[in-house]
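The following report describes selected features of one structure, shown below. Definitions accompany the terms on which they bear.

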Amino acid sequence: MQLTQRAKSVDRQPLTWLESIYLWNILKGMAITLRHMFMKKATIQYPEQQRTFSKVFRGLHVLNRDEAGRENCTACGLCAVACPAEAITMEAAERQPGEEQLYREEKYAAKYEINMLRCIFCGLCEEACPKDAIYLSQTFAPANYARKGFIYSKDELLIPHPITDREAYVKALGDRQPPHSTTHTN
Amino acid sequence: MNQYLIAMDSWYILEKLILIGALIGLSFFIAMYTTLAERKIAGWMQDRMGPNRAGPFGIFQPLADGGKLFFKEEITPTSSNRFLFLLGPALAMIVALITSTVIPWGASYVGETRTVALQVADVDMGILIVFGIVSVGVYGIMIGGWASNNKFSLLAAIRGASQMVSYELPMGLSLIAVLFMTGSLKMSAMVEYQMQHGWNVLYQPLGFLIFFVCALAECNRTPFDLPEAENELNFGYHQEYSSMKLGFYLFAEYINMFVSSAVMATLFFGGYDIPFFDETAWQGSALVLSALTFAVMMAKVSFFLFLFIWIRWTIPRFRYDQLMNLGWKKLIPLALINMLISAALLLFLNK
C-alpha cells in the first residue's frame, strides 16, 4: 500500500569495500565543510548591527501623547477589554483644574500597567483604542532579571515629551506619522 | 681539566633547561590558540563567526576560557579515590608535555663556539620514546575514569583504553615501513634522510594515511572521541572533573594534538626541512636559518592542526563496533600489506 508519493526506498545494501574504509565519503564531506568555511556568514553582530523590522512588526507598547505633550489616554478600558491575554490593568482618575497641559481630556489613567510576560503582542489594544493612545512600536521587550521587571508601568510606557524632549519623541514615533488634528481639539 | 668539564656541563644544562621551558611554554601557547582556532573554524564551517568579542577577532578568548576554568568551583566526589583522582589529569598533562622533547624543532644553530640543537634530547631511539610515552597516556584516561567512581566514566575509560591499544598496532606497523627507508630511529637522522631523499610521504602515502588515522584515534579526536562521547557517556572519563582538573584534561588533549602533528610532520613531511630549498647552501646567518626552519616546522604543524579540526567538524563519531572493525579488520591488514610491499620493493631496488 502506497501511503505517500514522497516515500523513498531505503538502500540496505551492505557497504562496498571502498565504502567500508570510509575514506572517499569522508573526503567528500570535508570538501563540503571547506566550502562552507568561505561562505557568507548568516550572523548579525547584534548590538552594533540590527535587523530592520518589518513595518507591521508589533513590539513594545507606547502610550501616546499629542503634539502639545498631553496624554491621549482617557482610561476607558477598551484596550484592557480587547486584550486576549489580560495583560493590561489601569486605574482611572479625574483631571483636576490646572492639569490641562498634562491630560487631553477630563479623565486620564492614573495607573497603567502592561505585563509583558502575559502580552502576546497581537495589537488588539491598538485596534481597540478610540483615542490613538496606545500603539505597538518596533522594539521588543528587553531581557530582565525579575518577573516584576516585566510589568511595565505608565512612566516606562509613555512616549517622551514632544516639546521638552523632541529628539527622543521623534525616535519613539519611528515610522509612524505624528498625530494630526489632535492639537486643536479641546 | 675537571673544572673545565663542569663548566661545559653547566652551560649545556642551562641551555637544555631554557629549551625545556620554551617548549613547555610553546606547547601551552599552541594548545591555547588551538582551542580558539577550533572554535573559530567550527564557526566558519557552520556559517557562523566564532568567538569574536574578547579582544580583536577574539584573540583573548583562550585567556578568558582559562581564567573561567581556574575560578570555577572544584568538586571532588566523596566516593572517589582522592589520590588517583588528582593523578589522572596530572598524568595526562605530564605525558602530553614529555613527548615534545625528542622532536627536532628546527635546524641546529651553529655558532662560532658552540652548536645549539633545537631539540631537548636527540635520543637514538627517538620515535620509540614517543610511542612509549604516548602509550602511558592511556593511564591518564584509565586512572581518571576509575578514580571518578562513576559508571559512565569507567565505561568511557575502558573504551578509551581499548581504542588506544587497538590503534597503536597499525600505527607502529605503518611506522615500520618508514623505518625501513630511513634506517634510523633517531628523529634528527630521519629529518636529515628526508632532506636528502625527499619527504617520506611521497614514498609512503598509504603509510602516512594509516598513521594519520591512528594519530586521530590516539588523540581521542573525532571521529574517534568515544571516551568522551557526550551523548551516550555524559562526557566520559572527565565527567566528574571540574575546574582546572578538567582544564588539564582538555589542555592535554590539545597538547597531544600539537605533539602528534609535530611527529607526523617529522616522520612524513620532512620535519623542519624547507621545501624546494637546500639548507646546506644557506649563506646567511645561522640564526636566521634556525628561525626559518623553525617557522617551516610550525607551518607544517599548523597545517596538521587545521586538518585535525577540519575533520572534527566534518565527520560524526564512529560507533564502537565500527571503530574496532576499522582498526582491526581494515587498518592492520592494510598496514601489514604496506609494510610487506615496501620491504619487498626496498629489497628489490637495493639488491
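## Helix H12 of chain B

H12(B) bends by about 30° at B:Leu331, and the proline B:Pro333 follows within four residues. The bend at a residue is the angle between axes fitted to the seven residues ending there and the seven starting there. Helices (H or I, at least four residues) and strands (E, at least two) are DSSP runs, numbered from the N terminus.

The 31 residues of helix H12 (residues 320-350) of chain B should span 45 Å at 1.5 Å a residue, and the end C-alpha atoms are 43 Å apart, which agrees; the expected span is 1.5 Å times one less than the number of residues. Buried residues of H12(B) include B:Leu323, B:Leu331 and B:Met339. A residue is buried if 20 or more other C-beta atoms, placed from the backbone, lie within 10 Å of its own. The buried residues of H12(B) pack against helix H5 (151-182) and helix H8 (205-218) of chain B.

## Model and numbering

This is a predicted model, in which local features need pLDDT of at least 70 and side-chain atom pairs count only at pLDDT 80 or more, while totals for chains, interfaces and linings use all residues. Residues are numbered from 1 along each chain as its sequence is written, and chains are lettered from A and ligands numbered from 1 in the order in which they are written.

## Contact between the chains

Chain A contributes 13 residues to the contact and chain B 11 residues; two residues are in contact if their C-beta atoms, placed from the backbone, lie within 7 Å. On the chain A side, the largest share, 7 residues, comes from helix H2 (residues 23-37).

## Sheet in chain A

An open sheet of 3 strands has the order E2-E3-E5 (chain A), with antiparallel pairing; strands pair if DSSP finds at least two bridges between them. Strand E2 (88-94) and strand E5 (151-152) of chain A are the edge strands, each pairing on one side only.

Notes
A residue is buried if 20 or more other C-beta atoms lie within 10 Å of its own, exposed if 12 or fewer, and partly exposed in between; C-beta atoms are placed from the backbone.
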